[in-house]
Amino acid sequence: MARWCYRHRLVVLLLWVGALFGLGFSASTAGTDYANVFSLPNTDSKRAYDLMEKAFPDSAGDTDTVVWKVDEGTVRDRAVRSRIQPALDEIAGMKGVGGVTSPYAGDQGAAQISRDGRIAYAQITFADQANAVPKELVQDVVDTAQDAERDGLQVELGGQAIQRVQEPPTGLAEMVGIVAAAVVLFLAFGSLFAMLLPIGVAIFGVGTGMFSTQLLSHVTDIPDLAPLLATLIGLGVGIDYALFIVTRHRRGILRGVDPEESAVTALNTSGRAVLFAGGTVCIALAGMLVTNLRFLDGVVIGTSLTVVLSVLAAVTLLPALLGLLGTRVLSRRQRRRLAARGPEPERASGLAARWSAGVQKRPRRIAALAVVAMAVLALPVLSLRLGATDQGNDDAATTTRKAYDLLAEGFGPGFNGPLQVVTDGGDTATLVKGIQDTAGVARVAPLPPAEGVTVIQVVPTTSPQSVETDRLIDTLRDEVIPRAGAEAHVGGVTAVSKDFASVTGDRLPLFIATIIGLGFLLLLVAFRSLVVPLTAAVMNLIAAAASFGVLVAIFQWGWGLDLLGLGKEGPINAFLPVIMLSLLFGLSMDYQVFLVSRMHEEWVHTKDNARAVRVGLAETSRVINSAALIMVCVFLAFVLSGDSGAAMAGVGLAAAVALDAFVLRTALVPAAMHLLGNSNWWLPGWLDKRLPHLAVEPKEESVEEPGVEGGASAVHGFVRTADGEPVAGAAVTLLSNGGRQLDRVTSLADGSYIVSVPAPGRYLVAISEESYGSRARHVTVTDGPLVYDVELVEGEVDAVN
């Protein structure tokens, strides 16, 4: 497939361009039909909602609030009223506004003025729900209301529709993320064309995924959160997957391989790992389905579709683009050096090789330091409290946050999240009296009954996000309502948030067990080892705990919130653990696959665990760290999205990816694999026979194992340093092409060695010495002995392709 795409590059490119623009035109013509289907079956708040829907079937559109405060006098003063009332009348006359409830409308409006008379509010009811209200209308409402301001009179607005117009421009977060990723890619590659390749592939993958999700919103329920999360994950994995393949391709060209062969090899090795990694991400995302939370179904569809299309772009569009660029995928300096000096030998040198060698020398110390660091970061997770953010968590400079604070100041902190006790039987009067006598209740207001259903508005004395409000809901449900003998249920936004947090918390263990179990099975089949997938599962849990610890410290404890401009501290969004764990487990598995597949490739060749781990880490750590840095940039950019949920997810995922790549995959995983030794690759024989064969690495080209015919021969030579000094005591191993050890000797005092070859054929010669690096090369032995001299360099590790 890679070769076909490379040779038919213009056809492939035109197909992708046609798909992107075709889907884009269709999506823009059809528009969006996102639906936030939020249902919590078998919960008390859902029963309350069902009763209200029965009594009040004609649900109105979105209700927003205009709040004003005077520094002196009262809001009833003629000077204040003469400025506010005309603005409210103008708003009421706007097309798309259903009505305005003013505090100046007789006795009914008196409850909308605070006791001290300095704060009042008016309710604006739009004809549509918040997402359907045109932004131009909302902006006109905001401008008209705030034009009434003067010295001593403050006017602010709150509500979902109002919140939409203060969000940054759509696409700002994505653009910032892409620019940051471009900078990292340019520093990594030193080539403009190589930098553009991963970004271009990611844009095609995310673009087609977003347009497809938009079209699917017309045939199934997809929440408006889905495209934002799909963009978040799609940009990250799209850029990363292309980065892994381009890195392998560039390495091949530098070794003197023809560009087409190099592209085919890159797709047949790293491309397979990309397919596998994309599958693990989709499996982790599909794990959300076990929670049985309907609104997450649409999130799974949108994010999984975007990941699939990003993978498809990486394995089809990317080889076509590589064919268009040829050797220009290298920087000019690399092309000049390749022309002047010829191919470079394949080796990992510099910091990556030195770190890899350091991990091999001190695995216990490095493992202990990594575990301690992750444990410290995970400590805050012990105080994790799930809930829902509201406009009280917005940035202090926003009008929604100011309106929220003014309402809390004038009418009490519980006014922003009233409870609704809905009853359709029993003694309502006794129930109202019982609620009034309950500690933590500020006001109780029963509304006129309809269809035999009575709604009692209950305003707590504490804010919607406080622990005391949660306790009040429990008290009403467990004590007050049963004592009154009424058939009643507690609803309202605050009660729904509490129930959602409870449901999510109850289903979280099953969800985690599902995605860990599926990931374990996938890695078990891929690497044919019990220890590798078990290590990956433990590491994923460590990464999850540490990343949630960071989230709790920032968003729940408020550490650094002002510095990041992320508003006020509060509970962690209840939906976040499910979504974030899905993405985290998928991305963690990506890095595990890329790291361990290279180690496994080396293990298959040499059966030397220490060498396999050392070479795998030295070769992949740089590209994994670059990929993680890109992910961190993309995720952190979503702090600018204006959506508190997206900002929380962005910070949490950025922390998770950084810890996973820079601490776990670069230090703890290789250190643990060094300590475990050959048991890393252990699999019981009976299980090996029953498992299907699914290899991340391609099969080796068919090369016959040497036999007894053709006569024995030898490989001999000298092992020296870069200065020509002999290296004594170096281990020289001869292996068959399939990895079977045929001979092993130690170099003599003058550095000489000789290993016996059973017959002409292709072999692998591996040389290593503890004080130096190591070398491994495929050699072809014909009829006579082969001379093969080796130069070892301190701190340098080469690899077997």
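Reading a predicted model: segments, burial and contacts

Q: Which UniProt feature is listed for residues 179-324?
A: The UniProt record, an unreviewed entry, lists "domain: SSD" for residues 179-324.

Q: Why is Arg528 called buried?
A: A residue is called buried when its relative accessible area is under 20%, and because the value for Arg528 is 17%, Arg528 counts as buried.

Q: Why does Leu792 count as buried?
A: The cut-off for buried is under 20% relative accessible area, and Leu792 is therefore buried, since its relative accessibility is 1%. Leu792 belongs to strand β19, which covers residues 790-792.

Q: How do you know which residues are in contact with Leu792, once its neighbours within four places in sequence are left aside?
A: Two residues are in contact when they have heavy atoms within 4.5 Å of each other. With those neighbours left aside, the residues in contact with Leu792 include Val719, Arg720, Thr721, Ala722 and Val727, and also Ile767, Glu769 and Tyr772.

Q: What makes up the domain division of the protein chain?
A: Domain 1 consists of 1-31 + 190-245 + 271-343, domain 2 of 356-384 + 500-700, and domain 3 of 714-792. The C-alpha centres of domain 1 and domain 3 lie 44 Å apart.

Q: What share of the protein chain is buried, and how many helices and strands does the chain have?
A: Of the 801 residues in the protein chain, 55% are buried, which means that each of these has a relative accessible area under 20%. The chain has 24 helices and 20 strands.

Q: What share of the contacts with a separation of 6 or more joins residues 24 or more positions apart?
A: Such residues account for 77% of those contacts in the protein chain.

Q: What are the dimensions of the box that the C-alpha atoms fill?
A: Taken along the principal axes, the box is roughly 110 × 55 × 45 Å.

Note on methods. Residues are numbered from 1 along each chain as its sequence is written. This is a predicted model: local features need pLDDT of at least 70, side-chain atom pairs count only at pLDDT 80 or more; totals for chains, interfaces and linings use all residues. Side-chain values use heavy atoms; hydrogens and water are left out. Helices (H or I, at least four residues) and strands (E, at least two) are DSSP runs, numbered from the N terminus. Buried means under 20% relative accessible area, exposed over 50%, partly exposed in between (1.4 Å probe, protein chains only). Domain bounds come from an automatic or database domain assignment. UniProt positions are given in the numbering used here, feature names are shortened, and annotations may be inferred rather than shown by experiment.
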